[in-house]
Amino acid sequence: MPRSREVLSHLRSNSSESYGQRLKSVFSIVVCFFVVRAAGEDRPLSSFWRPVFPTFLQEQVRESLSRIQSQVQDNQNNHLDLRGNRPTSGVRSVVTPLEDYALFSMQLGIGSLQKNLSAIIDTGSEAVLVQCGSRSRPVFDPAASQSYRQVPCISQLCLAVQQQTSNGSSQPCVNSSAACTYSLSYGDSRNSTGDFSQDVIFLNSTNSSSQAVQFRDVAFGCAHSPQGFLVDLGSLGIVGFNRGNLSLPSQLKDRLGGSKFSYCFPSQPWQPRATGVIFLGDSGLSKSKVSYTPLLDNPVTPARSQLYYVGLTSISVDGKTLAIPESAFKLDPSTGDGGTVLDSGTTFTRVVDDAYTAFRNAFAASNRSGLRKKVGAAAGFDDCYNISAGSSLPGVPEVRLSLQNNVRLELRFEHLFVPVSAAGNEVTVCLAILSSQKSGFGKINVLGNYQQSNYLVEYDNERSRVGFERADCSGAAGSFLVHSKLIAAIVLAILLNRQL
């Protein structure tokens, strides 16, 4: 019997057990299944690598967590509440964490029969890719769509996608009547190859009409090889959201009044089964509290010229700015190396070694930290701690990332720690900020989706800026933000009123 079912069965049958003991058991269930693979064992996507959370959660455990989540409402007035908001223009869609909780996806319909599939939201890549195949497989079958057509190899669209090949050069069009093919490299040199095509796409919208919005003649890669490339990532598609001309926002900008988009990701795994939201076009939200930082250009390195570079200026711990060399954050104008990139397809934030060493030391030396039982490295992370599953989660140092134009990202417990294991009453959590060089990223800083969670992140390409605002990112599904420090108290309150 799976351990989750054993423990839940025990909780139901042992009514004489103390509430404190039951709380510890339930809290262990909450975190023990979010075991992380070694941080160096990242699967490829985009320009970078991502870690993957194995899928160990049983449905019975997930249902219990959902019941707990649904009865908790965060009352912090400084959080933007996305529930009930409807954009005046553009499209609003639900964002769903993939089963491994490492990436986020949106629903995409494609073809005249509106084949619906889950597609990864990736601001680190340009093209829209869909896994294609025969009608007998759960993928998109081009032959079944009356609106499908291949892009000619002599077209500008074909030239654009072929310029994304690994060597940055276009492939010759030998036969003017031939169809366009592509070959794109992702992460650790895995390739996606197939036919570059056009078809109608449908975006499932949560606007007032609640109907899918249709867009004709959207260009995408119909991936044929390798067959398991997208499926292995837990998805049947990738939606490129970078600044390139083939990204989805760029292709739809004339129909949506611009290439602006924004998203709000729930905190995983601290908000189990919560869903977020993505807006294409103007979100219709009040911008009074959004803080904007300029987007920077990297014209030197073609492979990274379309990424979202921002100016990270400093890191502070407990209000003290760390002594980090200015060069650690700057983009080198002569080589194109360095700088800081926002990437929704990278899970954990990476910083270069000078910044990483200073941050680790300051974090460990903080007097505000309630983390006393340091256990060293675990699951590929350098700094891990044991905490008691039966008490409130400990206080942690105040951590702030500062960007150009005085934009400040406050990192809370859910941004700083990931649970990796549980044994008895002890839960091991690890610091979720890593070294760029040690994890194979090179000399570049990457702000991953884990640290972007519970922020509304707005990409305003027309004005070359990106904005941030603290938000309840679980609101799109009608659930509520759960501050991680309250999880133990929440579970206890539920146990006092309901027997699992």
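The structure is a predicted model, in which local features need pLDDT of at least 70 and side-chain atom pairs count only at pLDDT 80 or more, while totals for chains, interfaces and linings use all residues. Residues are numbered from 1 along each chain as its sequence is written, and side-chain values use heavy atoms, with hydrogens and water left out.

## Overall composition

The protein chain holds nine helices and 30 strands. Helices (H or I, at least four residues) and strands (E, at least two) are DSSP runs, numbered from the N terminus. Of its 500 residues, 57% count as buried; buried means under 20% relative accessible area, exposed over 50%, and partly exposed in between, with a 1.4 Å probe and protein chains only. The accessible surface of the chain comes to about 19500 Å², and 47% of this belongs to carbon and sulfur atoms. Accessible areas come from the Shrake-Rupley method with a 1.4 Å probe, and for residues only the protein chains shown count as cover. Where contacts join residues at least 6 apart in sequence, 71% of them link residues at least 24 apart; contact means heavy atoms within 4.5 Å.

A nonpolar core is a set of buried Ala, Val, Leu, Ile, Met, Phe, Trp, Tyr and Cys residues joined through side-chain atoms within 4.5 Å. The largest such core has 83 residues, of which F359, L416 and F417 touch the most other members. Helix α6 (residues 353-365) supplies the largest share of this core, five residues. A second, separate core of 14 residues includes V151, V161, L184 and A219.

Helix α6 has 13 residues and spans 18 Å from its first C-alpha to its last, close to the 18 Å expected at 1.5 Å a residue; the expected span is 1.5 Å times one less than the number of residues. Its buried residues are A355, Y356, A358, F359 and F363. An α-helix has 3.6 residues a turn, so residues three or four places apart point the same way. Beyond its neighbours within four places in sequence, F359 is in contact with I315, V317, L322, V399, L416, L431 and I433.

In helix α5 (residues 248-256), the buried residues are L248, P249, S250, Q251, L252 and L256. After α5 comes G257, with a positive phi near 75°.

## The sheet β18-β17-β23-β24

Four strands form an open sheet in the order β18-β17-β23-β24, with antiparallel pairing. Two strands pair if DSSP finds at least two bridges between them. The edge strands, each pairing on one side only, are β18 (320-321) and β24 (407-411). Strand β23 (residues 399-403) is largely enclosed by the rest of the structure, because four of its five residues are buried. The table lists the pairings in this sheet, each with one pair of facing residues.

| Strand pair | Bridges | Residue pair |
|---|---|---|
| β17 and β18 | two | V317 and K320 |
| β17 and β23 | five | I315 and L401 |
| β23 and β24 | five | S402 and R408 |

The hairpin of β23 and β24 has three residues between the strands, and N405 there takes a positive phi near 70°. A further hairpin is formed by β25 and β26, with two residues between them; G424 in its turn has a positive phi of about 65°. Six bridges join β25 (residues 417-423) to β26 (residues 426-431) in antiparallel fashion, and A423 stands opposite E426.

## Two buried strand residues

T293 is found in strand β15 (residues 291-296) and counts as buried, at 1% relative accessibility. The side chain of T293 reaches the backbone oxygen of Q404 at 2.7 Å. Neighbours within four places in sequence aside, T293 is in contact with V310, L403, Q404, N405, V407, R465, V466 and F468.

V200 lies in strand β10 (residues 190-203) and is likewise buried, with a relative accessible area of 5%. V200 and Q114 are 86 residues apart in sequence, and their C-alpha atoms are 8.3 Å apart in space. Outside the four places on either side in sequence, the contacts of V200 include G109, I110, G111, S112, S147, Q214, F215, R216 and D217.

Notes. A polar contact is a pair of N or O atoms within 3.5 Å; within protein, one must be able to donate a hydrogen and the other to accept it, and residues adjacent in sequence count only if both atoms are side-chain atoms.
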